Amino acid sequence: MDNKIKERGIIVNGEMVRAILDGRKTQTRRVIKNQPAGDWPEDPVFVEYGDNKFKWKSLNYGESAWFDCPFGKVGDRLWVRETFATLSNEDGHPIDWDNNLVSERKDSAKFYRASCCQTPNNYGLWTVPDRDSDFEGPWTPSIHMPRWASRIMLEITDIRVERLNDISEEDAKAEGAPTECCVIGDKYFLGFRSLWKSIYGQDSWQSNPFVWVIEFKRVEEV
């Protein structure tokens with residue numbers, strides 16, 4: 001058995017990056033690619049758990065082969081991939097915060113869109129926090145973030161499988177979702193549902209897929 005801790009990148013949007021930084025997000029849900037072949041009221045699908053592995057089981061479809069969570073196992077780490085930028089001079093050479101030339105882009109000053117803000121009447125520029133400077137762009141999309149640019153490291157504390165719509169109020173809060181008002185008060189579940197639809201679309205929520213539920217804690221890199 002391979003007990004070595006592994007690191008993998010995981011894309012997180014700006015709103016959820018802020019939730020992690022604020023300590024409001026300790027879970028994430030991701031749709032499982034290999035959904036079970038059938039899942040009907042008369043033939044429900046169950047999930048069997050093995051040694052960091054999972055399989056589908058049902059009466060008519062039998063059982064699937066064991067499969068792993070692509071995000072790792074408990075104890076593995078996830079480095080957050082988010083939209084970012086690095087500082088350079090007018091000639092495009094990387095520089096640090098003191099405007100000194102550096103040899104490589106990874107050594108240049110870095111900042112992250114989730115922590116920047118745009119203010120009215122500032123011509124669309126982004127204000128960099130704690131710096132007396134504005135940024136016009138361009139940004140590097142999260143999918144293209146290299147490992148050296150990541151500022152957030154997460155350690156997986158639990159992995160399970162469940163239907164998307166089965167999320168509890170407590171777990172919706174742990175997802176970093178905002179509350180949404182209804183006749184019985186403010187609910188995190190409704191906020192999570194709206195957040196999911198905004199990212200994955202209305203059909204994804206209605207189809208109620210099986211999802212990976214990944215719980216994590218933020219850790220400092222050594």
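I take buried to mean under 20% relative accessible area, exposed over 50%, and partly exposed in between, with a 1.4 Å probe and protein chains only.

I am working on a predicted model, where local features need pLDDT of at least 70, side-chain atom pairs count only at pLDDT 80 or more, and totals for chains, interfaces and linings use all residues. Residues are numbered from 1 along each chain as its sequence is written, and side-chain values use heavy atoms, with hydrogens and water left out.

**Entry: N208**

I looked up N208 and found it buried, at a relative accessible area of 15%. N208 sits in the loop between α4 (202-207) and β15 (210-219); helices (H or I, at least four residues) and strands (E, at least two) are DSSP runs numbered from the N terminus.

I then listed contacts, meaning heavy atoms within 4.5 Å. Leaving aside neighbours within four places in sequence, N208 is in contact with R163, L164 and N165.

Next came polar contacts: pairs of N or O atoms within 3.5 Å, where within protein one must be able to donate a hydrogen and the other to accept it, and residues adjacent in sequence count only if both atoms are side-chain atoms. The side chain of N208 reaches two backbone nitrogens, that of L164 at 3.3 Å and that of N165 at 2.7 Å.

**Entry: D68**

I found D68 in the loop between β5 and β6 (77-81). D68 counts as partly exposed, with 45% relative accessibility. Not counting residues up to four places away in sequence, D68 touches N52, K53 and W212.

I checked the K53 pair further. The side chains of D68 and K53 are joined by a polar contact of 2.7 Å.

I traced an open sheet of three strands in the order β3-β4-β5, paired antiparallel. β3 (46-49) and β5 (62-63) are at the edges with a single partner strand each, so one side of each has no neighbour in the sheet. Strands pair if DSSP finds at least two bridges between them. β4 (residues 54-58) and β5 are joined by two bridges in the antiparallel sense, and K57 has E63 in β5 as its bridge partner.

**Entry: whole protein**

I noted four helices and 15 strands. The C-alpha trace spans about 65 × 50 × 25 Å along its principal axes. Of the 222 residues, 40% count as buried. Among contacts with a separation of 6 or more, 64% come from residues 24 or more positions apart.
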